Amino acid sequence: MAGSNKSSLVPEARDALDKFKMEAASEVGVNLKQGYNGDLTSKQAGSVGGQMVKKMIQAYENGMK
């Protein structure tokens, strides 16, 4: 979650977001490490973020049914 203020998150929310990010990264074949991941390419980081958005949209659409 680059650029966000992680200190304002509830610890449980931070853990859930980190888990969600790791799952999304795994699905697109990007190896994330705990902590610093500044060595990722823009393409890799974008793939992870895009997968996270895709999963959120799918969850929302499934909730509407």
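Helices here are DSSP runs of H or I with at least four residues, and strands are E runs of at least two, numbered from the N terminus.

I am working on a predicted model, where local features need pLDDT of at least 70, side-chain atom pairs count only at pLDDT 80 or more, and totals for chains, interfaces and linings use all residues. Residues are numbered from 1 along each chain as its sequence is written, and side-chain values use heavy atoms, with hydrogens and water left out.

**Entry 1, salt bridges.** I took a salt bridge as a side-chain nitrogen of Lys or Arg within 4 Å of a carboxyl oxygen of Asp or Glu. With this rule I count four salt bridges.

Within helix H1, glutamate 23 and lysine 19 sit four residues apart, about one turn of the helix. Their side chains form a salt bridge with an N to O distance of 3.1 Å. For exposure I used relative accessible area: buried is under 20%, exposed is over 50%, and partly exposed is in between (1.4 Å probe, protein chains only). Glutamate 23 is partly exposed because its relative accessibility is 34%. Lysine 19, at 55%, counts as exposed.

Next I looked up lysine 55 and glutamate 27, whose side chains meet in a salt bridge at 2.9 Å, N to O. This pair links distant parts of the chain, with lysine 55 in helix H2 and glutamate 27 in helix H1, 28 residues apart. Glutamate 27 is at 45% relative accessibility, so I list glutamate 27 as partly exposed.

The side chains of lysine 33 and aspartate 39 also form a salt bridge, at 3.1 Å from N to O. Lysine 33 is partly exposed at 41%, and aspartate 39 is exposed at 53%.

I defined a nonpolar core as buried Ala, Val, Leu, Ile, Met, Phe, Trp, Tyr and Cys residues joined through side-chain atoms within 4.5 Å. The largest one has seven residues: Phe20, Ala24, Ala25, Val30, Leu32, Val48 and Met52. Helix H1 (11-27) and helix H2 (42-64) are the elements that each give two or more residues to this core. H1 gives the most, three residues.

I then checked contacts (heavy atoms within 4.5 Å). Leaving out residues up to four places away in sequence, valine 30 touches Ala25, Leu40, Gln44 and Val48.

I found a nonpolar surface patch of Val53, Met56 and Ile57, with about 260 Å² of accessible area together. Patch residues have over 30% relative accessible area and no salt bridge; like charges are joined within 9 Å, nonpolar side chains (Val, Leu, Ile, Met, Phe, Trp, Tyr) within 5 Å. Areas are from the Shrake-Rupley method with a 1.4 Å probe; for residues, only the protein chains shown count as cover. Valine 53 lies in helix H2 and is partly exposed at 43%.
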